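Student: I am new to this structure and would like to go through it with you step by step. Could we look at it together first?

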Amino acid sequence: MRQQRLRPVLLLIGLLSFLVPHGPGYGGGARAPFAGIVPSAAAAAPTTPEARLRAAVTKRGTTVLRLTSDLRLTSDLPAVTCPSLTVTGNCRTVKGRSRRCKIDGNERFAGFLAMSVNLTLSNLEVTGFASKNGKDNTFVRSVSGAITIRNCLFTKNSGGVIDVTGGDGLKVEGSSFVRNEGGVIKVAYSTMEANDVLFQANTGGTAIGLIRPGLICRRCVFENNTAKTQAAAVAVVSAGGIRFSRCRFIGNTVTEVGGRGGAVAVQYSYGQFCHCQFERNTIKVAGGKTRIEHVYINGLVEFCGKVPSTGMNGDAGDPQVNCRNCPSA
Ligand SMILES: *[C@@H]1O[C@H](CO)[C@@H](O)[C@H](O)[C@H]1NC(C)=O
Ligand SMILES: *[C@@H]1O[C@H](CO)[C@@H](O)[C@H](O)[C@H]1NC(C)=O
């Protein structure tokens, strides 16, 4: 409430500060608010972190934006028309240590909508992106592009965080997805590569949903995720191929009776697990009981290393042992 009442006052102070002549340290930014009303040939340089982000997504050439403070959106980002955009967080703690910069969707605004764009995001904390009431507020929605995510934390978003269709796909490195709601990543007709990524305590939907993809996950951890109707960690359908190397699936649960694949569901697809670990992944069965089911197999699944003695269930016979094509690390 207090914040609501303060906002007009802060806005006024913000506007007034532009009326006061600035010293040379502030540069040409002082003219920015009047760029629209004072006839002027040169576009004024954007001043706030949000304005700089807006300007970057519509630049014509390869662009690198270095954020030095957190930002909370006050409206949807414009569609990304910059062909190759990198946004890097370069924030500091009060003690001067390097930290991620926060981008907050304010529970109602949309992030990067990218068509045929190369987008690289690093060192960011992404929060408050919430698709609801039919409005798509996904943080990144990419069609025919290439998305790279490095050293980011995604937390407290809902209704999906990253959605990639076609193109050169999605690469995620050294990042965490924690306590998001209603699914995290979707990839369709494209590829996903994840290295050293944590998915933890996400609720209400499959963390990674895949339609006819190629997926490789190396050293990923899926822990304590829950979904209602199927696979809390990863679900693949439609002739996809997924491979996990040295991954751990622990305590993932499907909460509705009839839902299959506590951690993973492989449907009409190929899956391979190279030296992976499975513990306490469960589904719900009639009578309110739970049953161990690490992987629901309705396709071909192969294991390299230890095949779990329980919890590999499905309609396609016993899992095979095969180490071919397993990554060496
Ligand atoms: C986008 O990345 C791909 C490789 O993933 C590259 O072939 C292409 O040239 C890049 N496009 C631009 C506009 O940078
Ligand atoms: C995962 O859930 C188990 C059981 O509820 C709990 O003991 C454990 O601490 C949780 N792990 C994390 C990392 O929160």
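Student: Is aspartate 70 buried, partly exposed or exposed?

Tutor: This is a predicted model, and what we say about it is computed from that model. Buried would need under 20% relative accessible area and exposed would need over 50%. Aspartate 70 has 35% relative accessibility, so aspartate 70 counts as partly exposed.

Student: With which side chain does the side chain of aspartate 70 meet in a salt bridge?

Tutor: Side chains of opposite charge can pair when their charged atoms come close. Here the N to O distance is 3.0 Å, and the partner, at 28% relative accessibility, counts as partly exposed. The side chain that meets aspartate 70 is that of arginine 99.

Student: How many residues apart in sequence are the parts that this pair ties together?

Tutor: Aspartate 70 lies in the loop between strand 1 (63-67) and strand 2, whereas arginine 99 lies in strand 5 (residues 98-99). The pair therefore ties together parts whose separation in sequence is 29 residues.

Student: Which strand holds arginine 218, the salt-bridge partner of glutamate 193?

Tutor: The side chains of glutamate 193 and arginine 218 meet with an N to O distance of 3.1 Å. The pair links distant parts of the chain, 25 residues apart, with glutamate 193 in strand 17 (residues 191-195). Glutamate 193 is partly exposed at a relative accessible area of 24%, and arginine 218 is partly exposed at 22%. The strand that holds arginine 218 is strand 20 (residues 214-218).

Student: In strand 9, which residue is the bridge partner of lysine 102?

Tutor: Strand 6 (residues 101-104) is joined by two bridges to strand 2 (residues 71-72), running parallel, and in strand 6 the bridge partner of arginine 72 is aspartate 104. Strand 6 also pairs in the parallel sense with strand 9 (residues 124-127), over four bridges. In strand 9, the partner of lysine 102 is glutamate 125.

Student: Which residue has a side-chain N or O atom 2.3 Å from an oxygen atom of ligand 1?

Tutor: The residues that surround ligand 1 are Pro83, Ser84, Asn118 and Asp168, and this shell divides into one nonpolar, two polar and one charged. The protein covers 36% of the 370 Å² of accessible area that ligand 1 has on its own. The residue with the side-chain atom at 2.3 Å is asparagine 118.

Terms used
Residues numbered from 1 in each chain as written. Chains lettered and ligands numbered in written order. Predicted model: local features only at pLDDT ≥ 70, side-chain atom pairs only at ≥ 80, totals over all residues. Heavy atoms only, no water. Pairing = 2+ DSSP bridges. Near = heavy atom within 4 Å. Polar contact = N/O pair within 3.5 Å; in protein donor to acceptor, adjacent residues only side chain to side chain. Areas by Shrake-Rupley, 256 points an atom, 1.4 Å probe, with all protein chains shown as cover. Nonpolar A, V, L, I, M, F, W, Y, C, P; charged D, E, K, R; others polar. Salt bridge = Lys/Arg side-chain N within 4 Å of Asp/Glu carboxyl O. Buried < 20%, exposed > 50% of the residue type's maximum accessible area, 1.4 Å probe, protein only.
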